Amino acid sequence: MSMTNPTFEESFLANMAEIGRNMAAEMEATEPQPEPAVDVELKPCPFCESNPRMESWYSPPRGYWFSCDGCSVEADSAIDKAGAAEAWNHRPIEDAQTKRIAELEARISHLEERLERANWERHKEMRRS
Ligand SMILES: [Zn+2]
């Protein structure tokens with residue numbers, strides 16, 4: 001390189017190097033940052049019982065959602081991973097059925113106890129007579 005004014009070629013190369021450094025810095029700055037992992041246990045797919053896979057896009061609006069690895073069904077998207085996990089795990093019908101099953105099981109065990117007590121009373125009466 002000359003000590004006097006740079007030649008056109010020298011300035012061109014210097015400018016290109018500068019542009020390259022700026023582009024590298026910009027790419028590093030806009031690289032997606034790792035987010036905290038979802039600490040919620042994800043339910044299996046309601047249709048095929050496969051595991052969900054997290055999907056995302058990085059250009060605005062940023063968002064996440066879960067899709068099934070087996071049948072590709074997708075849950076609603078959300079702005080963060082926790083919201084996406086909540087959307088994936090949202091199972092109103094399943095939850096209502098689980099609640100109903102628990103109620104019916106409690107009722108059955110109550111009736112079984114009553115039946116057992118009635119049988120015991122009958123057994124005692126039969127021995128008395
Ligand atoms: Zn599935």
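The model I am reading is predicted.

**Entry: Ser-72**

I began with Ser-72. Ser-72 has 11 other C-beta atoms within 10 Å, so I put it down as exposed. I found Ser-72 in the loop between E2 and H2. I then looked up its phi, which is near 70 degrees. That is a positive value in a residue other than glycine.

**Entry: Glu-49**

Next I looked at Glu-49. Its phi is near 65 degrees, again positive and again in a residue other than glycine. Glu-49 lies in the loop between helix H1 (8-30) and E1. I asked myself: is Glu-49 buried or exposed? Glu-49 has 11 other C-beta atoms within 10 Å, and I logged it as exposed.

**Entry: Pro-52**

I moved on to Pro-52, which sits in strand E1. Pro-52 is buried, with 22 other C-beta atoms within 10 Å. I listed what Pro-52 touches, not counting residues up to four places away in sequence. The list runs Leu-42, Cys-45, Phe-66, Ser-67, Cys-68, Asp-69 and Trp-88. I also checked Pro-52 against Trp-65. The two are 13 residues apart in sequence and 9.6 Å apart in space, C-alpha to C-alpha.

**Entry: the core**

Which residues make up the largest nonpolar core? I wrote down seven: Tyr-64, Trp-65, Phe-66, Ala-75, Ala-84, Ala-85 and Trp-88. Strand E2 (63-68) and helix H2 (81-89) are the elements that give two or more residues to this core.

Leaving aside neighbours within four places in sequence, Ala-84 is in contact with Met-54, Tyr-64, Trp-65, Phe-66, Ser-77 and Ala-78.

**Entry: helix H2**

I then went through H2 for burial. Lys-81, Ala-84, Ala-85 and Trp-88 are buried there. Seen down the axis of H2, these buried residues fall within an arc of 100 degrees, so they line one face of the helix. What covers the buried residues of H2? The cover includes strand E1 (52-57) and E2.

**Entry: helix H3**

I turned to helix H3, residues 92-128. H3 has 37 residues and reaches 54 Å from its first C-alpha to its last. That is close to the 54 Å expected at 1.5 Å a residue. How many of its residues are buried? I found zero of the 37, so H3 lies largely in the open.

**Entry: the whole chain**

Last, I stepped back to the chain. I counted three helices and two strands. Read along the sequence, the pattern is α-β-β-α-α. The radius of gyration is 33 Å, well over the 14 Å that the globule rule gives for 129 residues, so the chain is more spread out than a compact globule. The C-alpha atoms fill a box of roughly 130 × 25 × 20 Å, taken along the principal axes.

I checked burial for the chain too. Of the 129 residues, 9% count as buried. For contacts with a separation of 6 or more, residues 24 or more positions apart account for 30%.

I closed with the domains. The chain is divided into domain 1 (13-90) and domain 2 (91-129). Taken over C-alpha atoms, 49 Å separate the centres of domain 1 and domain 2.

Technical notes. Residues numbered from 1 in each chain as written. Predicted model: local features only at pLDDT ≥ 70, side-chain atom pairs only at ≥ 80, totals over all residues. Domains from an automatic or database assignment. Core = buried A, V, L, I, M, F, W, Y, C linked by C-beta atoms within 7 Å. Buried ≥ 20, exposed ≤ 12 C-beta atoms within 10 Å, placed from the backbone. Helix = DSSP H or I, 4+ residues; strand = E, 2+ residues; numbered from the N terminus. Contact = placed C-beta atoms within 7 Å. Rg over C-alpha atoms; globule rule 2.2 N^0.38 Å. Arc of directions from axis to C-beta. Expected span 1.5 Å × (residues − 1).
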